[in-house]
Amino acid sequence: MTEPLTAPGDDPESPGTAPLPTLTVLGAPDVLRRVEGRREECVDAVRAAYLAHDAGETANPHSAFLRFPDRPSARIISLPAYLGGGTETAGIKWIASFPENTRHGLARASAVLLLNDIETGYPYACIESSIISATRTAASAVLGAETLLGSRTAERIGIVGSGLIAGHVTRFLADLDWKAGGYRVFDLERKNAERFAAQLSAQAPEGTDVRAVDSVDEAFLDCDLVILTTIAGEPHLHDPRLLAHNPVVLHLSLRDLAPELVLASQNFTDDIDHAVRERTSLHLTEQQVGNRDFIHGTLADLLNGRVARDPARPAVFSPFGLGVLDLAVGRWVHDGAVADGAGLTVPDFFQNAAR
């Protein structure tokens, strides 16, 4: 990932000479151009990363949470990782979540992804990563949904939380040609649910029954696939009757479900040690019962056939979000975008830094 350039003053014949790396910067427009129309490829990259992680071909330390004593709702998270399995990429995502931003017309989340050359350690790419993060989350979600449902078909899809992630998930569903008879959209802000429902109706096939609903119960009722994409910090769903019809629930926001709903379900995640921490619903359930027996496996276990969904029970997929997925999507975006001539290259970014 580096150009074979020689730093000024270096002797090319000297055994100590190393090439001077360049840095490529890819902004949000570059990332979007790469993702649009290629979401099937994104899912393939995410699937390969899950399988590489399962095979022990990755390094994925726990993400670290930077919190602020005077801003309890804000946080910045670092996700370092190494992805092998033929990809051979290292890097880190640095993603901020500041919910108060929305009051000022700014997005809640902002992020960058750095990719490092595994031979020299030098960063070779800096990529706008709020889109990378939402894309890998959505790709993971639709892969989990397809694996648990057994097809790309749902009678009705419930959506709780109508923000950025919900939008990315529904675009993946559309691009992957999912068949859905209807949608039920709930948001604490009714106008947001109505806006999202209108957008969804405009892109859905004619005759699709899309409605904004007044209660979260309606987003579960008769929906065989439910997508939770809220910013909840504590569980707000407590009634196991929400799951009485045995839906598949994509618990992307991780903290919506009270332990009683978790215990009523088959539970799957991406990496158990990562997901049972930071007061996620899985973590709170472990604290309540004193074990992790309620977790039935990972998505990789499902993909490899080591475990299977029981259709007579609700199934909940709670992906914590692994750094290796950001690397998989980020590397895929970088390689394709650079091949298309996108991005800003800074050839002298590291000039004199090694001396």
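# Cavity, sheet and confidence in a predicted model

The structure holds 1 cavity of 30 Å³ or more (a set of points on a 1 Å grid over the protein atoms alone where a 1.4 Å probe fits but cannot get out). The model is predicted, so local features need a pLDDT of at least 70 and side-chain atom pairs count only at pLDDT 80 or more, while totals for chains, interfaces and linings use all residues. Residues are numbered from 1 along each chain as its sequence is written, and side-chain values use heavy atoms, with hydrogens and water left out.

The largest cavity has a volume of about 30 Å³, taken as the space filled by probe spheres set on the points. Its lining (residues with an atom within 4 Å of a point) consists of Asn60, Pro61, Ser63, Leu79, Pro80, His274, Gly321, Leu322 and Gly323. By class, this lining has 4 nonpolar, 5 polar and no charged residues; Gly counts as polar and Pro as nonpolar.

An open sheet is formed by 8 strands (DSSP runs of E, at least two residues) in the order S12-S11-S9-S13-S14-S17-S15-S16, with parallel pairing (at least two DSSP bridges between two strands). Strands S12 and S16 stand at the edges with a single partner each, so one side of each is left without a neighbour in the sheet. Strands S13 and S14 are joined by 4 bridges and run parallel; Ile227 has Leu250 in S14 as its bridge partner.

| Strand | Residues |
|---|---|
| S12 | 209-212 |
| S13 | 225-228 |
| S14 | 248-251 |
| S16 | 295-298 |

The mean pLDDT (the predictor's confidence in each residue, from 0 to 100) of the chain is 92, and 94% of its residues reach 70 or more. Over residues 2-14 the pLDDT is below 50, and this stretch has 20 contacts in the model beyond near neighbours in sequence (heavy atoms within 4.5 Å). Where pLDDT is low, the predicted coordinates should not be read in detail.

Notes. On a 1 Å grid over the protein atoms alone, a cavity is a set of points where a 1.4 Å probe fits but cannot get out, and a pocket is an open set with protein on both sides within 12 Å along at least five of seven lines; lining residues have an atom within 4 Å of a point.
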